[in-house]
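Welcome, and thank you for opening the viewer. Please load the model, colour it by chain, and keep the sequence panel beside it while we walk through.

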Amino acid sequence: MTTRNSRPQLQPPDLSPPARHSSSAPPRIAADDPRFAAAADLETHDAYLRGVQEGRVRVVNPDTVPSRPDERAQPPAKRRSPETSLSTKVPQSVMQQLRRRYAETGITIRNQILIALRKEGLEIDDDDIQDERKRSRR
Amino acid sequence: MAIITFAQVKGGSGKTTAAMCTVAELVARGSSVAAFDLDPNRPLGEFFQRVPELQHVEVAVPTSERRVSALVRELASRYDNIVIDLMGAATNDTQVAMALADLVIVPSQMSGTDLKCGVETWRQAVEAAEISNRTIARGVLLARTSAGALRPRVESFLREQYNRVGANVLATAFGDRAAWKEMTYSAHIPHLHDRGSNAAKNFISVFEEMMTLIQSVIGEAAAA
């Protein structure tokens, strides 16, 4: 009777995860998935105003707030003179009202002030009231 | 495969931490993932840059030229998963990001304000699903809960309150651990760097429940 001098070496089994078949993997979201159109409908200025009126929107993200349609249609304004910065202090309640009005109407605080000043008799042209930030948006 | 939106109209509820952890877990599992940061503080990109394993993760931010829906559609053409983090307020983005999602997670801590805002967020998610005529998986994720075995009375109370308005609360909760508080300083993510730790096990449980929620909705849609 013969005996083996050494025991066979143990071979580690293949424990790698089974290959995932591409057909079983859920596909990427298609570009024409209806969710994108539904979300785009919520990004219109009308939807935004409805959100404000119904209380769903209480804070405006300046990066994504939809511009008013008429703002998009306007040709670039020609300012009569270059802009300069103005910094001042106002009562907090006034600032809150300006912000609220901006959320409700989309009229920037700068333009609310310019419109009010024009009503007081200062000579301010329509082109000066256009909002520089909104002109190139969408 | 999935768009996951973290939403809560109250700030400081744990949205961003949960979003960071979700991206890290998807990376740990070898999934393709991008993030979309709607928080003007832009915490995601800054954090991912500090973690070598996450530096490659694309973090998109809104631009003045393109709508959020268009940006997310473009990301979805290149990545399997997208994680969206919202600003902690009721903004013009909230329902947009919800309408895009397969899963909306509403993180909520234990305070009455968290509950009230969490319910409002939940209702916005329900409405977003109705508006977009889609089934969107949803779950409230209780955050900063006691990491111990005993569940404090307030946690059970909170679950009851959410259930009372029909909100589904995840069985797993995001425990209050130093690891999560230290994460943005240490760049050490438990489930990415130490998967055996208790903190890692906690988040992996949360993640797996989120995936189960998504799968259940996909299953419902397939059966319909």
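How many residues does helix H6 (residues 153-164) of chain B have, and how far does it reach from its first C-alpha to its last? Select it and see: H6(B) has 12 residues and reaches 17 Å, close to the 16 Å expected at 1.5 Å a residue. The expected span is 1.5 Å times one less than the number of residues in the helix. Helices (H or I, at least four residues) and strands (E, at least two) are DSSP runs, numbered from the N terminus. Following H6(B) is B:Gly166, with a positive phi near 85°.

Before going on, a word about the model. This is a predicted model, in which local features need pLDDT of at least 70 and side-chain atom pairs count only at pLDDT 80 or more, while totals for chains, interfaces and linings use all residues. Residues are numbered from 1 along each chain as its sequence is written, and chains are lettered from A and ligands numbered from 1 in the order in which they are written.

**Stop 1: the sheet of chain B**

Now show the strands of chain B. Seven of them form an open sheet in the order S3-S2-S4-S1-S5-S6-S7, with parallel pairing. Two strands pair if DSSP finds at least two bridges between them. Strand S3 (59-60) and S7 of chain B stand at the edges with a single partner strand each, so one side of each has no neighbour in the sheet.

Select strand S1 (residues 2-6) of chain B next: three bridges join it to S5(B), and the two run parallel. Here B:Ile4 stands opposite B:Leu103 in S5(B).

Move on to strand S6 (residues 137-145) of chain B. Is S6(B) mostly covered or mostly open? Nine of its nine residues are buried, so to speak mostly covered; buried describes a residue with 20 or more other C-beta atoms within 10 Å of its own, exposed one with 12 or fewer, and partly exposed one in between, with C-beta atoms placed from the backbone. S6(B) pairs in the parallel sense with strand S5 (residues 103-108) of chain B over six bridges, and B:Pro107 has B:Leu141 as its bridge partner in S6(B). With strand S7 (residues 174-175) of chain B, S6(B) pairs in the parallel sense over two bridges; there, B:Ala143 has B:Phe174 as its bridge partner.

**Stop 2: helices of chain B**

B:Thr184 is partly exposed because 16 other C-beta atoms lie within 10 Å.

**Stop 3**

Switch to chain A, which has six helices and zero strands. Of its 138 residues, 12% count as buried.

Finally, display both chains: 25 residues of chain A are in contact with 28 residues of chain B, contact being C-beta atoms, placed from the backbone, within 7 Å. On the chain A side, the largest share, five residues, comes from H1(A).

Terms used
Contact = placed C-beta atoms within 7 Å.
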